[in-house]
Every structure is written in C-alpha cells, then in structure tokens.
Amino acid sequence: MSRDRRAPLPPIAGRNCDDAWPEYKDLENLKRFLNGSAQIYSRKRTGFCSQCQKALKQAVKRARHIGLLPFVG
Amino acid sequence: MTKGEPGTLSLYECMFLLDNAVVREDWKKAKSVITDAVAKHGGSVVTSRRWDERRLAYTIRGKNRATYVLSYLEIPGANLPGLRRELELSERVLRYLLLKVDEIPATEHELTSAENADGFTVPTPPPDDVVEPEPILPVQETLEDILAEGEMDDRPRGRRPERASAEVAP
C-alpha cells in the first residue's frame, strides 16, 4: 500500500534574475527562502537559476556568520 | 581575482558587531574603535553608521545582544591581514564581516551625515539578558511544504501483521 505523492508546491514567486541579488542585510527577504529550521530551500522550491541560488546561499551564510540568522533553527 | 598594485586603495564594506558595553559608555568612543583600527593599518573610513542593535541569533563571546555598525573603508589590500588580526584580537569587536565592493550605495552618505548631526542621539542598548516578546507569526510551513521538499518515504506505517506462530496455543 503506497500513498500517492502530492504535486510539488509551485516555486516561491516574487523575483526575477534581473533583480538585484539577495543581500545578507535584507533579512526579511532572505527568510522567505528558509524553512522553519533556517535551512535554505532547494532550487526546486525557490525557483532560482543556478547563479541566483548561489547568491542566496552566500547571503545566508554571511548573515549566519554575523549572527543575523541561526545556523540551526 | 587579480590583486591591485601594492599600496592601491580598495573599497570594502565592513559590518562590525560592537560590544554593547562599549556603546553604553560612549557612542563616539565606540566608533573610534573602528576608525583607529583602520587608520593604524593605513586606511580610512569613508562612511560609518549604526545599522541596528539587536538580539543575536546565537551567543557570540558570551553576548546575546550587539550593536551592528556598517562601514565603508578604503585600505590597501596588502594591509588587510593586519587589520583582520587586530579586529579578531579586539575584545570590543565581537565579530566582523569584510567584503570588497565596487561602490558605496547612494543612501550611505546621507545616513552617515544624519548620524553625525548634532541632534542625533544613539539609544542606550538594553541589558544583555532582556528577552523580547517574540511576535506571533502564522505557521508558514504546511504539510505540502514538507512533502514538496521531498524526503518522506512511502513505506506503509502502522503495526506489523501478527505472525501465525503467535496464534498457536501452548
């Protein structure tokens, strides 16, 4: 007996690649791309291209370094 | 990344976490911690302003709160290791983040000059052990979120069927 897989959620909208890349100081924006444990969502969920996802990763890691975001939520 | 000629000034953005005890004593003295350290290593502070005072996401050097100062510096790249070492040894700077940037954002000059005006006073930081009431946020993560992240297995849950041997009477 296997449970049906549900359809994945649509990517988090609200950003194009033409916009400025996420910055470590923009906490409210960064938190949209973190789950309850402060882990970064996957590309499947954020809907980012490869470069934007890397920029997001860098911004979150910088914010963690200076104590704006937790390493473990 | 290519390094510039020795002695060429480069522009850096630096976020400092200052100990609130220093800020409580005197704000100008707290800012001079940064200015002096940069000047000692042949650089200059272009703009510097208080960014925020907030609770840290985790304890740093035994402190739960700190004052964030956002500065833009010009310093020769060759002098950076000395500056980094000084900041790491300083007890008044809890942590710092140093990034190379191309230009200073337009708003920084205005905000810095507003802070340097006569009428500006820095609010006194609250004690380190103050617990702020957390805002009650709606739960954003739903079951669909968890399933969409996709690491749940499809194995059937529940009790195993009992073995036939268990039903044999002694």
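Is Phe33(A) buried or exposed in this structure? In the predicted model, Phe33(A) counts as buried, because its relative accessibility is 2%.

Chain A contains three helices and zero strands, and its elements follow one another from the N terminus in the order α-α-α. The chain comprises 73 residues, of which 37% count as buried. When contacts in chain A between residues at least 6 apart in sequence are considered, 55% of them join residues at least 24 apart.

Aromatic pairing was examined over all chains, and the count comes to three aromatic pairs. One of them involves Phe33(A) and Phe48(A), whose ring centres are 4.9 Å apart; the planes of the two rings stand at 55 degrees, so the pair is classed as tilted. The two partners are 15 residues apart, and the pair links distant parts of the chain. Phe33(A) belongs to the loop between α1 (27-31) and α2 (43-46) of chain A, whereas Phe48(A) belongs to the loop between α2 and α3 (50-65) of chain A. Phe48(A) is likewise buried, since its relative accessible area is 7%.

Cysteine pairing was also considered, and the count of disulfides over all chains comes to zero. For Cys52(A), the nearest cysteine sulfur is that of Cys49(A), at a distance of 3.3 Å, and Cys52(A) is in no disulfide. In chain B, Cys14(B) counts as buried because its relative accessibility is 0%.

Contacts between the two chains are illustrated by two residues. Lys25(A) is located in the segment before α1 of chain A. With residues up to four places away in sequence not counted, Lys25(A) touches Glu13(B), Met15(B), Trp51(B), Leu70(B) and Tyr72(B). Lys25(A) counts as buried, as its relative accessibility of 16% falls under the 20% limit. On the side of chain B, Ala57(B) lies in strand β2, which spans residues 44-60. Apart from neighbours within four places in sequence, Ala57(B) is in contact with Gly67(A), Leu68(A), Leu69(A) and Pro70(A). A relative accessible area of 33% places Ala57(B) in the partly exposed class.

Two packed helices are described by the angle between their axes and the distance between the axes. In chain B, helix α2 (residues 27-40) and helix α3 (residues 80-89) pack at an angle of about 145 degrees, and their axes are 9 Å apart. The crossing of α2(B) and α3(B) is right-handed. Ala37(B), Val38(B) and Lys40(B) of α2(B) form the contact with Leu83(B), Glu86(B) and Leu87(B) of α3(B). By class, the residues in this contact comprise four nonpolar, no polar and two charged.

Ser90(B) and Ala37(B) are 53 residues apart in sequence, and their C-alpha atoms are 9.5 Å apart in space. Ser90(B) is buried, because its relative accessible area is 15%.

Note on methods: Residues are numbered from 1 along each chain as its sequence is written. Chains are lettered from A and ligands numbered from 1 in the order in which they are written. This is a predicted model: local features need pLDDT of at least 70, side-chain atom pairs count only at pLDDT 80 or more; totals for chains, interfaces and linings use all residues. Side-chain values use heavy atoms; hydrogens and water are left out. A disulfide is a pair of cysteine sulfur atoms within 2.5 Å. Buried means under 20% relative accessible area, exposed over 50%, partly exposed in between (1.4 Å probe, protein chains only). Axes are lines fitted to C-alpha atoms, for helices over the stretch in contact, and angles run from 0 to 180 degrees between N-to-C directions. Helices (H or I, at least four residues) and strands (E, at least two) are DSSP runs, numbered from the N terminus. A crossing is left-handed if the near helix is turned anticlockwise from the far one by less than a right angle, and right-handed if clockwise. Contact means heavy atoms within 4.5 Å. Ala, Val, Leu, Ile, Met, Phe, Trp, Tyr, Cys and Pro count as nonpolar, Asp, Glu, Lys and Arg as charged, and the others, Gly among them, as polar. Rings of Phe, Tyr and Trp (its six-membered ring) pair if their centres lie within 6.5 Å; planes under 30 degrees apart count as stacked, over 60 as edge-to-face and the rest as tilted.
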